[in-house]
Amino acid sequence: MSNGTAKDQIVLLGLNHRTAPVEIREKLSFAGRDFDPVSLFLELPLVREAFFLSTCNRVEILFVTREPEAAVEGVKEVWARANDLPVSSFEPHLYQFRNREAVKHLFRVASGLDSLVLGEPQILGQLKEAYRRAAERRATGVILNRLLHKTFSVAKRIRSETGIGSHAVSVSYAAVELAKKIFGDLREKSAMLIGAGEMAELAAQHLLAQGVEKLIVANRTLSRAIELAERFRGEAISLEELEDYLLKVDIVISSTGAPHYILTAEQVKRLMRPRKMRPIFFIDIAVPRDIEPAVNEIENVFLYDIDDLKAVVEENLAYRRKEAARAERIIEEEALKFEAWLEQLEVYPTIVALRQKAEAIRRKELEKTLSHLRGKVDEETIEALETLTKSLVNKLLHDPIIYLKNRYHRDGQQVVDFTRKIFNLDGEAPLESLPPEIHLPDEAEEKTKH
Amino acid sequence: MAMNVFFFKLALMVYAVATVGYFVYLYTMKEEAARGAYYVLLVGFGLHTISLVARWLEAGYPPFTNLFEATSFLAWALVLGYLVLDRRFQRQGRVLGAFVTPIATLLMLYSSFCPKDILPLPPVLRSLWLPIHAAISLLSYGFFILAAASGVMYLLQEREIKKKRLGGIFKRLPSLETLDRMNELSLKIGFPLLTLGIITGAVWAEEAWGTYWSWDPKETWSLIMWLVYAALLHERLAVGWRGRKAAWLSIVGFLTWLISFFVVNLFIPGAHTYVEWHG
């Protein structure tokens with residue numbers, strides 16, 4: 001395996017939310033440390049290129065080496081030592097991928113297929129940030145640069161060709177998506193928060209991010225309302241003013257701890273005429289519910305409770321899972337393409353050397369000829385000679401180069417070595433022709449046996 | 001084959017292709033499909049325009065005199081109206097295309113089965129009012145079809161949201177707000193055109209027969225239609241009606257139009273009966 005002509009190999013070592021508990025992940029993440037872990041791994045002589053990714057759900061190291069077995073051990077030790085841990089404490093949680101599997105894993109991570117929430121888009125930004133840091137330190141080289149750029153474009157392709165990132169998969173986003181299907185543009189719309197709670201505040205935040213112009217906060221205790229209103233730059237009101245303000249707002253998120261309905265269908269019905277029939281969307285995430293279910297039957301009024309939203313999310317998740325299967329096919333295809341490039345990378349120096357040698361010969365011989373002909377020929381002839389020699393060289397080299405590219409992935413290094421010998425790419429001087437070898441009869445027989 | 005018929009048939013085929021394009025978009029939601037269908041529709045519209053102009057030149061009188069010409073012009077007006085809405089609503093207008101192009105194609109298909117011979121123009125139609133009255137009225141019908149189509153889309157989308165079934169229809173159709181605004185805009189363009197169509201018709205009738213209004217079946221049905229749309233527009237603007245009620249009423253208006261255009265024109269004798277003199 002490991003000899004002078006060993007190939008570059010891509011290795012990925014990591015742990016994620018499925019393989020390791022957070023207590024282990026956080027110990028290995030280098031969070032809050034003031035040095036870049038990438039330089040630490042690069043200090044290992046076996047590691048030729050490196051990339052380090054750490055998010056709240058995963059810690060991964062990607063590197064290029066020619067001796068994977070030894071390099072993996074080295075990386076584990078460095079990793080353990082830098083965090084004052086024994087290797088055995090995290091080794092069982094580690095996964096390891098090589099070459100095509102590593103490439104595929106990276107593609108899957110980037111497209112959100114390996115995420116806690118299937119298809120979530122944040123990870124791509126984190127990958128880009130990690131790559132920016134690694135590239136700044138020149139930790140990545142030809143292979144990882146190409147691989148990461150490819151990863152970004154694969155993630156983009158999957159996002160546009162499959163529905164992996166479409167349709168909300170959280171309750172608060174589902175509410176926002178619904179609001180958009182009712183109101184179209186959310187700019188110039190206003191929302192009201194009745195009561196407080198984590199999910200209600202999250203939904204309010206999403207609405208504001210979507211451009212909702214005004215937020216009104218109603219609460220049983222006015223001080224709490226004022227506190228929330230300040231946070232969201234909204235207006236605080238008391239519950240007594242509720243009905244007046246319901247005339248103005250378009251979206252209502254309710255999550256009070258009230259034991260009974262705080263809004264009945266009768267109340268809402270009365271509101272509609274003074275509202276000039278403008279639609280209103282109630283999101284009731286309280287348990288027990290705040291708003292009478294019959295409200296949904298009033299014209300231009302829409303009501304979704306927490307169970308409705310959860311059902312929407314469940315349906316959307318099922319859709320994403322279906323799309324994930326399509327994404328896997330794209331990943332398979334792109335990983336194969338990348339592998340082909342990687343192999344071609346191995347033959348590339350040989351092709352360059354071949355071209356350079358041919359070009360050097362062509363120039364030398366052309367100069368020689370032209371110095372004899374000086375004065376006897378015109379510009380046009382010189383140009384013709386130039387074209388002639390160039391096309392001779394190109395035509396002669398065409399087949400060997402194609403042969404190299406095509407056969408490399410089957411016959412490997414052998415083809416490269418053979419080509420280098422045949423064209424004497426590594427020798428200084430031209431080869432001398434030797435007298436023919438004398439074959440003894442038994443030796444010849446041996447050959448025919450093969 | 002006369003030039004106008006040649007271009008008419010070409011336009012019909014291209015509209016059919018655009019319809020398929022919009023259906024593909026409806027199914028796959030691929031932007032490219034919508035864009036492709038849109039350009040195909042534009043080409044069809046261009047061919048259709050050429051066919052109308054050719055018809056005018058070949059006949060020597062404005063092409064609004066028989067069922068073939070009227071239906072063909074109506075399809076043209078519908079596509080024109082759709083292109084106006086598409087401009088106005090951009091991406092959200094695309095799905096409407098999947099509802100409108102099949103209607104335009106069907107109208108063209110229907111029209112293609114009507115007799116297309118160019119006959120000498122009867123004296124009563126030799127008036128400047130013919131192109132004005134007919135074109136304005138037919139344009140208004142185009143917008144009423146658009147109002148009804150967006151009304152149907154509104155009702156579908158509203159049903160999805162109310163029933164909390166957020167499947168394919170929910171994902172494909174635009175927002176309720178957009179659909180309602182499409183419906184409203186179509187009405188706001190269609191209604192003044194219809195009013196103008198009725199007024200020009202009355203003026204022409206006075207010129208031709210000496211009376212503005214004679215309760216001819218077409219006139220009666222046009223008045224009913226006008227009342228429906230007037231009520232709808234009034235409720236929309238004054239009371240703030242929107243959404244479901246407005247959508248339903250624009251469908252009711254569409255049904256009165258269907259009667260006024262197909263039943264009255266074909267089967268009830270009167271000044272608008274197309275079958276009478278060409279068949």
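How many residues does the contact take from chain B and from chain A? The model is predicted; local features need pLDDT of at least 70, side-chain atom pairs count only at pLDDT 80 or more, and totals for chains, interfaces and linings use all residues. Residues are numbered from 1 along each chain as its sequence is written, and chains are lettered from A in the order in which they are written.

**View 1. Contact of chain B with chain A.** The contact takes 14 residues from chain B and 16 residues from chain A (C-beta atoms, placed from the backbone, within 7 Å). Helix 7 (176-209) of chain B gives the largest share of the chain B side, three residues (helices are DSSP runs of H or I, at least four residues, numbered from the N terminus).

**View 2. Packing of helix 1 and helix 2 of chain B.** Helix 1 (residues 3-28) and helix 2 (residues 31-59) of chain B pack at an angle of about 160°, with their axes 8 Å apart (axes are lines fitted to C-alpha atoms over the stretch in contact, and angles run from 0 to 180 degrees between N-to-C directions). The two helices of chain B are therefore roughly antiparallel (angles over 145 degrees).

**View 3. The largest nonpolar core.** This core has 129 residues (buried Ala, Val, Leu, Ile, Met, Phe, Trp, Tyr and Cys residues joined through C-beta atoms within 7 Å; buried means 20 or more other C-beta atoms within 10 Å of the residue's own, with C-beta atoms placed from the backbone). Helix 5 (residues 129-163) of chain B supplies the largest share, 15 residues. Val217(A), among the residues with the most contacts inside the core, touches residues including Leu193(A) and Phe232(A).

Note on methods. Angles under 35 degrees count as roughly parallel, over 145 as roughly antiparallel, 65 to 115 as roughly perpendicular and the rest as oblique. A residue is buried if 20 or more other C-beta atoms lie within 10 Å of its own, exposed if 12 or fewer, and partly exposed in between; C-beta atoms are placed from the backbone. Two residues are in contact if their C-beta atoms, placed from the backbone, lie within 7 Å. Lists of a residue's contacts leave out its neighbours within four places in sequence.
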